[in-house]
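Here is a short report on one protein chain.

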Amino acid sequence: MLWNELTFAEYVIKRATSRWYYGFMFAACAIIYCVAQTEGPDMARTLAQNRASIFTVCDFFTLIMVIAVSATEIPGDIASKVIFIILSKPVDKSEIVVGKFLGVFGLGVLSGFIMWVVGMGCLWAYGLAPDAIYFQQGGFLFCRILLTAAIATLFSTFLSETPTIAFSVGYLVLSYFVHYIRVLMESGKIGYTVGTKIVFSLLYYMIPNMRFMDAPQLADAAPGSAQKAAEAGVDFASGLASWPHFGLALVYAMIYSGLLLFVAIRFFSSRRVA
């Protein structure tokens, strides 16, 4: 095997002890600290808003870092010819793809966890103790890291560094808006012919739904409909998703990332590295 627990740990430690990583994490944590200091006349409401903003900061920095690192893995090995050294060993191309994916995913989880802890500590210092929402959002962040690592790994198997970043970011942005396709189709605001149904259905199922892993945003799936939002698992009083929905989101992320990884392995296995 190309990867195991030791090499996986070594990869994460090597990346996490580099100068760029220290600078990156310092910038992210500094922004989180500044966000947590925001004050308002209604501190309870302000703290809740600060918590939502911290989740957004964690998401942005972690997912962008995952994409950027993924873009330097397989494409970087090919550009530097290191891939020939790797392929000269008795390893399968699938092991290379899985190894790269696990390394980037591990680094993303470490980064997200550090930001999550810093954010929790800052909010706690200002009077907002850790609650179910914070821990649940940490789990949702884990799901998004898993999916993003799989997306970036897929594009890195057949694109160079810059296109990998561009397509991964574009695909990720689409994944935050794809749930509106179902809303538009159900609302009748777009022509609902057989052709449009096929096209929009393909888009809906080919792009992962990141909103599915963000409880407060699930209300967007049914604007003005408390009943549908409740069915989606949203508790408007607390902003907390139902725990069955939380578990379903974890399964959804694992299955979808597994499918993306399978496609990535197929692409890289059939690719001639020259």
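## The overall fold

The chain has 12 helices and 2 strands. This is a predicted model. Starting at the N terminus, the order of elements is α-α-α-α-α-α-α-α-α-α-α-β-β-α.

How much of the chain is buried? Of its 274 residues, 46% count as buried. The exposed surface comes to about 14,000 Å². Carbon and sulfur atoms supply 70% of that area.

Residues 24 or more positions apart account for 79% of them.

## Two helix pairs

Two packed helices are described by the angle between their axes and the distance between the axes. The table gives both values for two pairs.

| Pair | Angle | Axis distance |
|---|---|---|
| H3 (residues 43-71) and H6 (residues 93-125) | about 160° | 9 Å |
| H6 and H12 (residues 243-269) | roughly 135° | within 9 Å |

Start with helix H3 and helix H6. They pack at an angle of about 160°, with their axes 9 Å apart. Angles over 145 degrees count as roughly antiparallel, so H3 is roughly antiparallel to H6. The crossing of H3 and H6 is right-handed. Which residues of H3 and H6 make the contact? On the H3 side, they include Leu47, Ile54, Cys58, Phe61, Met65 and Val69. On the H6 side, they include Val104, Leu107, Met115, Trp116 and Leu123. Gly108, Gly112 and Gly119 of H6 are also among them. By class, the contact of H3 with H6 has 12 nonpolar, 7 polar and 1 charged residues.

Next come H6 and helix H12. Their axes come within 9 Å and cross at roughly 135°. That makes H6 oblique to H12. The crossing of H6 and H12 is right-handed. H6 contributes Lys93, Ser94, Ile96, Val97, Val98 and Phe101 to the contact. H12 contributes Leu261, Ala264, Ile265, Phe268 and Ser269. By class, the contact of H6 with H12 has 8 nonpolar, 2 polar and 1 charged residues.

Thr157 sits in the loop between helix H7 (132-156) and helix H8 (161-177). Is Thr157 buried or exposed? Its relative accessibility is 0%, so Thr157 counts as buried. What is Thr157 in contact with, leaving aside its neighbours within four places in sequence? The partners are Ile74, Val97, Ala264, Phe267, Phe268 and Arg271.

Ala9 belongs to helix H1 (residues 5-16). Ala9 has a relative accessible area of 32%. Ala9 and Gly106 are 97 residues apart along the chain. Their C-alpha atoms are separated by 8.5 Å.

Lys81 lies in the loop between helix H4 (74-79) and helix H5 (82-87). At 45% relative accessibility, Lys81 counts as partly exposed. Now look at its backbone. Most residues other than glycine have a negative phi. Lys81 is not a glycine, yet Lys81 has a positive phi of about 70°.

Notes
Residues numbered from 1 in each chain as written. Predicted model: local features only at pLDDT ≥ 70, side-chain atom pairs only at ≥ 80, totals over all residues. Heavy atoms only, no water. Helix = DSSP H or I, 4+ residues; strand = E, 2+ residues; numbered from the N terminus. Buried < 20%, exposed > 50% of the residue type's maximum accessible area, 1.4 Å probe, protein only. Contact = heavy atoms within 4.5 Å. Areas by Shrake-Rupley, 256 points an atom, 1.4 Å probe, with all protein chains shown as cover. Axes fitted to C-alpha atoms, helices over the stretch in contact; angles between N-to-C directions. Parallel < 35°, antiparallel > 145°, perpendicular 65-115°, else oblique. Left-handed = near helix turned anticlockwise from the far one by under 90°. Nonpolar A, V, L, I, M, F, W, Y, C, P; charged D, E, K, R; others polar.
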